[in-house]
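Subject: Structure handed over, with notes

Hello,

Here is the structure that goes with these notes. Please open it before reading further.

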Amino acid sequence: MKKEAVIALAVMVSIVLVASALAESATKEECMAKCKEAAQLITEKGMDAAFQELQNKDGKFVWKDSYVYVMDFTGKHLTHPLRPDSVGKNFLETKLPDGRFLVKELIEMAKTKGEGWIEYMYPKPEELAKPTPFKGKISSKKLAFVYRVPGKEIFVSAGLFE
């Protein structure tokens, strides 16, 4: 009887932990809405004022396990709230572990369709934090929503892990 109670308790705790983790995961709808809101902010306030807000790691464009960042069509990061050291750097030629050029794909989507989803494999934040070399990190399926800021050669993007 005691053993069954311990097992039942362990199962309940596991369910609560999984539900809690899932509740903290961004959704596709949130990524789309936040990207469109960020594009509207850029259009209404201008790039300098909007970028200050988008760069804020404690602001409304960083939520759950996701965030919005901005890039231009040359592949340069204009904002990145969690990696401010990447702002001003060009990532056009950066390859994913599978050899794909993600930034080129994001730019192509923004240029041709204006918005859409791109699926790729990338290490989760906890995997990135491990001291192993990048090539040795375990990748997980990630989806990125890209949205072109109307009238500009820049796009906003936010993603989620599946």
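The model is predicted, so to say: local features need pLDDT of at least 70, side-chain atom pairs count only at pLDDT 80 or more, and totals for chains, interfaces and linings use all residues. Residues are numbered from 1 along each chain as its sequence is written, and side-chain values use heavy atoms, with hydrogens and water left out.

Sheet

Helices (H or I, at least four residues) and strands (E, at least two) are DSSP runs, numbered from the N terminus. Two strands pair if DSSP finds at least two bridges between them. Strands of a sheet pair through backbone hydrogen bonds, either parallel or antiparallel. Here, 5 strands form an open sheet in the order β4-β3-β7-β6-β5, and the pairing is antiparallel. Its edge strands, β4 (77-79) and β5 (115-122), each pair on one side only. On average, neighbouring strands are turned by 35° against each other, direction ignored; axes are lines fitted to C-alpha atoms, for helices over the stretch in contact, and angles run from 0 to 180 degrees between N-to-C directions. β6 (residues 140-148) and β7 (residues 154-161) share 7 bridges, and Phe145 stands opposite Ala158 in β7.

Helices

Contact means heavy atoms within 4.5 Å. Helix α2 (residues 28-45) lies across β3 (69-72), β5, β6 and β7, at about 160° to β7. Helix α3 (residues 47-54) lies across β3, β4 and β7, at about 80° to β4. The two helices, α2 and α3, pack at about 145° with their axes 7 Å apart.

Largest pocket

On a 1 Å grid over the protein atoms alone, a pocket is an open set of points where a 1.4 Å probe fits, with protein on both sides within 12 Å along at least five of seven lines; lining residues have an atom within 4 Å of a point. The largest pocket is lined by 35 residues, and Tyr67, Tyr120, Tyr122, Leu128 and Lys142 lie nearest its centre. β7 gives the most to this lining, with 4 residues.

Aromatic pairs

Rings of Phe, Tyr and Trp (its six-membered ring) pair if their centres lie within 6.5 Å; planes under 30 degrees apart count as stacked, over 60 as edge-to-face and the rest as tilted. The count comes to 5 aromatic pairs. In one of them, Trp117 and Phe145 have ring centres 5.1 Å apart and planes at 50°, so the pair is tilted. Trp117 is in β5 and Phe145 in β6, 28 residues apart.

Regards
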